[in-house]
Amino acid sequence: MGHLRRSLFALAAAAALSGLSTTADAQKTLRAVMHSDLKILDPIWTTAYIVRNHGYMIYDTLFATDENGEIKPQMVGQYEVSADKLTHTFSLRDGLQWHDGTPVTAEDCVASIKRWAAKDTTGQKLMSFVDKLTVRDAKTFVMELKAPTGLVLLGLGKPSSNVPFMMPKRVAETDPNTQLSDFTGSGPFVFKRDEWKPGDKTVYVKFDKYKPRSEPASGLAGGKVANVDRVEWRAISDHQQAINALLAGEIDFIEAPPHDLLPLAIGDSNVKQFDWNVLGNQFTFRPNWTAKPFDNPKVRQALLYAFNQKDFLEAVVGDPKYYKVCNSYFPCGTPLFSEKGFEGKLNSDFKKAQELLKEAGYDGTPIVLMHSTDLQILTNLAPVAKSLMEKAGFKVDMQSMDWQTLVARRAKKDPPTAGGWHAFLTSWVSIDITNPIFTGFMNAACDKAMFGWPCDPELEKLRDDFARESDPGKQKAIADQVQVRAAEVVTHIPLGQWYQPAVMRNNVDGMLKAPVPVFWNISMK
Amino acid sequence: MLTYVLRRLVATIPVMLLVAVFVFLMLRLTPSDPAAIIAGDNANSEQVAEIRKRLGLDQPIVTQFAIWLGKTVTGDFGESFFFKKQVAELIADRVEPTLSLAFFTLLIAIAVAVPLGVVAAYRHGGWLDRTVMGFSVLGFSVPVFVIGYLLIYVFAVELNWLPVQGYQRLQQGIGGWLQRLILPALTLSVIYIALIARITRTSVLEVMHEDYIRTARAKGQTELKVLIRHALANAAVPIVTVIGLGVALLIGGVVVTESVFTIPGLGRLTVDAVLARDYPTIQAVILLFSLAYVLINLAVDLAYTFLDPRIRY
C-alpha cells in the first residue's frame with residue numbers, strides 16, 4: 001500500500017513538473033494557431049497562403065512592401081536603374097548569410113529569380129521583358145530588359161503568392177515542378193525540420209546570425225528583428241478548441257478566428273485582438289465564360305446589376321466593424337482603387353437585370369452555382385447569390401459541396417450538365433488583387449486564363465500596357481481603363497471587403513500591420 | 001489450433017485485397033483532385049496539370065492501381081502527396097498517440113463498465129440497475145464531440161485542472177502523457193462503457209439462474225466470489241466478443257476524439273488526409289485499420305478457447 005502511495009505521489013509530481021516546464025517554455029516560445037496546417041514546404045511550388053507564410057519565416061526577399069504599400073529594398077542594399085530604364089543593377093547588403101553560415105551571393109539570387117519566374121504568373125510576365133539576367137560580382141547582379149516595364153519592382157517586391165523568396169543556388173536549381181527538400185533560407189527564423197510534425201506542429205527558431213536592416217520594421221519591409229527564441233505553429237483545426245486553448249493560456253495567438261467566436265475570445269481580459277491585415281479581403285463571384293448563358297456578356301452584366309455587396313457582407317460577416325462596401329476591383333485603401341466602371345451597378349437593380357436577360361434571350365437554363373459548405377467564411381455567400389439571381393430572373397441550381405471538391409470541379413471545362421459549372425464564390429486576400437497583373441481573375445487570356453476562362457483581347461492589351469508602364473501616374477490611368485473594361489465584360493464581380501483580426505494573449509506585443517502575418521518584431525512580455 | 005490460425009491468416013489476404021480495391025476505387029470516383037488542392041487557389045490550369053502529371057494521376061486508373069498494389073505488397077506505401085514524407089514514416093509517427101488513447105480508453109471502459117454491468121445484474125430491477133441502463137442509453141445517444149466539449153468546458157476551461165488539447169509523448173514524461181490523455185480517453189470511453197456495461201449486465205443476468213450459481217451459493221461462498229468466479233467467468237465470452245467488436249467503434253471514435261483534442265494520431269491523420277485528398281495516406285491508413293480489425297477479431301476468437309474450455313478449433 002505504501003509503495004502504491006509513493007508511486008501515485010511520484011506520478012502526481014511528474015504531472016505537476018511537466019506543467020511547470022510548459023510554463024517556463026512559454027516565456028520565450030510563441031505558440032500560434034495559423035489558418036491552416038503546414039503540409040507543403042515549397043512556397044514556389046504552391047500558391048497556398050500557409051506555405052507563403054512559412055516562406056516569410058525562413059526566407060528573405062530582395063524587396064518588400066511596407067505598411068504604406070510602398071516597395072522598399074530588403075536584401076538589396078543598392079539599386080540602380082539606367083536612364084533608358086533598361087538596365088537594373090542590384091547590389092546585396094553586407095553580412096547576409098544562409099542558415100548554414102555561407103554568404104548569400106548574387107548567383108543565389110539569380111537562380112532564385114529564375115525558379116520563381118518559371119512558376120509565378122507575374123514572374124513569367126516580368127521575364128518576357130528580360131533580355132539578360134547576369135551576375136556581375138559576388139554581391140551584384142544585373143537585369144537587362146528588352147523594353148522598359150514597371151514589373152521589375154512590382155515582381156521582385158511581390159508580397160503574396162508566389163513570393164520571390166531567395167534561396168541558395170543549389171536549392172534554387174531544383175526543378176520548379178519538383179518540391180524542395182532542402183529548406184536553407186536566410187530569413188530571421190530557421191525551420192526545424194526534425195520537429196516538423198504535419199497535423200501537430202511546425203517549429204522555427206531564431207536565426208542568431210540574421211542581419212536586420214537598420215530601418216524600423218514596417219509591413220514586410222524594414223528591420224526583421226526576431227524577439228522570440230522559438231515560434232511553434234500548432235495545428236488545431238477546431239476553431240472552438242483553438243479559442244479554448246487561448247483562454248487557457250495553452251497557446252498565445254490565433255491568426256484567423258471566425259467572426260462569431262471573436263466576442264468569446266476578447267471577452268476574456270487576458271486576450272486582445274489585432275487587425276494585422278489592414279487591407280482585408282474581398283469576396284468575389286466568378287462566372288464561367290465558357291458555359292452558356294455566361295458566354296453572353298449581357299447575361300454577365302445582369303449579374304452586376306442584380307447583386308449588391310451589403311447583402312453578402314451582412315450574411316457572412318455580420319458585424320459592420322469587420323466589413324466595408326467597396327465597389328471596385330482594386331481594394332479600398334490601395335493606390336489603384338477606383339469606382340469607375342461600377343456606376344449604377346451593384347445596387348440590386350432587378351428591373352435593369354431583367355431587361356438585360358431579356359435582351360440576351362436568356363432561355364431559363366439553370367445556372368449551376370457551386371456552394372462551398374465547409375469553409376465558414378464562404379458558406380453563406382452562395383445562398384445570397386442564389387436569392388439575388390432568382391429575383392433578377394435567373395433559374396439557379398445551387399449545388400453544395402466541400403471546398404476541395406469545388407476546387408477540383410472548377411478546373412473542369414465540361415458543360416455544367418456534365419460535371420462542369422456556371423459560377424462559384426470565393427474570397428481573395430486584398431494584397432493579391434491590388435493591380436491588373438496580380439489580379440488573377442482579370443487575366444482574360446482565354447484558355448490560359450484562370451478557371452472561368454475569360455477571353456477578351458482588349459482587356460489583355462490594357463493589362464500589357466500596364467505591365468509596360470513604370471510611371472505610377474500613368475499606371476493608375478491604365479488601371480482605371482482596365483477596371484472599366486473588366487466591369488464591362490464582367491470577368492468577375494467584387495462583393496465587398498472584409499477584415500479578419502487575429503486574437504492573442506495580452507503578453508504578445510509588436511505584431512506588424514502587413515498583408516501577411518509575420519513573426520519578427522513580436523515580443524512576449 | 002495452429003491450422004486454424006493459419007487458415008484465418010490466409011483468409012485475411014482476400015479480405016485485404018477487397019478492401020484495397022474498394023478504397024482505391026472510392027477515392028478515384030470521388031469528385032476531387034489532389035493536384036488542384038496542392039497547386040493552391042492562385043494556380044492556373046497548366047500548373048495544376050503539371051502537378052497531376054508529377055503525381056502520376058494522369059495515368060489510367062488501372063495503371064495507377066497496379067503500381068500502387070505492386071508497391072504495397074512489398075510494404076512500400078509510397079510518398080504522401082502533401083507531406084513530402086514516406087507514408088510509412090507518417091504512420092509510424094502517429095501510432096503511439098493512437099495506441100495510447102486506445103489503451104487508456106479500453107482500460108477505463110473495462111474498469112468501469114464490467115463492475116457496473118455486474119452490479120446492475122446483481123441488483124436487477126433496482127435503482128442502480130435503472131441508473132446504469134439509463135447511463136447506457138445516454139452514452140450511446142450523445143455524440144462523442146458533445147461529450148468532449150462538455151468535459152473540456154468543465155475540467156479544462158472552468159476548473160483549469162487539465163489541458164484543453166494536445167498530446168505529450170511518453171518519452172517526454174509520464175505525467176504530461178497522462179495529463180493529456182485523461183479527457184480524450186474519458187470522452188471516448190463513454191460509448192464503450194455504455195456498450196460493455198449493457199452486455200455484461202445481460203450476460204451475467206443470463207447465468208445468474210444457472211445451477212452452478214445455486215450450487216456455489218449452497219456451498220456457502222460469498223456473493224462477491226459467486227459473482228466474480230462463477231457468474232462473470234461464465235459470462236465472459238459475449239463480453240470479450242463485444243470488446244473486440246467495439247474496436248470498430250473505437251476506430252471511429254478515435255477519428256473524432258483526436259480531431260477535437262488535437263492529438264496527432266492516426267485518426268487525425270485520416271481526417272487531414274481525407275480533407276486534402278492525400279490518396280496514398282488514406283489508402284494506407286484504411287488498410288492498416290482494416291488489418292487491425294481483422295487481427296483483433298482473430299485474437300478474440302482465440303481468446304474464447306481460454307475463457308471456455310469447451311470451445312476448440
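Here is a short chat about how the parts of this predicted model meet.

Visitor: How far apart do the C-alpha centres of domain 1 and domain 2 of chain A lie?
Guide: Let's start with who is who: the domain assignment gives domain 1 of chain A as 33–236 + 506–524, and domain 2 of chain A as 281–498. Between the C-alpha centres of these two domains, the separation is 31 Å.

Visitor: Which elements of domain 1 of chain A give two or more residues to the side that touches domain 2 of chain A?
Guide: On that side, 14 residues of domain 1 of chain A are in contact with 13 residues of domain 2 of chain A. By class, the domain 1 side has seven nonpolar, five polar and two charged residues. The elements giving two or more of them are α4 (121–127) and α5 (151–156) of chain A.

Visitor: And chain B: how many nonpolar, polar and charged residues are on the side of chain A that touches it?
Guide: Here 41 residues of chain A are in contact with 46 of chain B. Helices α1 (2–26), α7 (239–247) and α14 (403–410) of chain A each supply at least two residues of the chain A side. Sorted by class, that side comes to 18 nonpolar, 14 polar and nine charged.

Visitor: Which residues of α13(A) does α10(A) meet?
Guide: Helices α10 (309–316) and α13 (381–392) of chain A pack at about 145°, axes 9 Å apart, and the crossing is right-handed. The contact has six nonpolar residues, no polar ones and one charged. From α10(A) come A:Asp311, A:Phe312, A:Ala315 and A:Val316, and in α13(A) they meet A:Leu381, A:Val384 and A:Leu388.

How values were computed
Residues numbered from 1 in each chain as written. Chains lettered and ligands numbered in written order. Predicted model: local features only at pLDDT ≥ 70, side-chain atom pairs only at ≥ 80, totals over all residues. Domains from an automatic or database assignment. Contact = placed C-beta atoms within 7 Å. Helix = DSSP H or I, 4+ residues; strand = E, 2+ residues; numbered from the N terminus. Nonpolar A, V, L, I, M, F, W, Y, C, P; charged D, E, K, R; others polar. Axes fitted to C-alpha atoms, helices over the stretch in contact; angles between N-to-C directions. Left-handed = near helix turned anticlockwise from the far one by under 90°.
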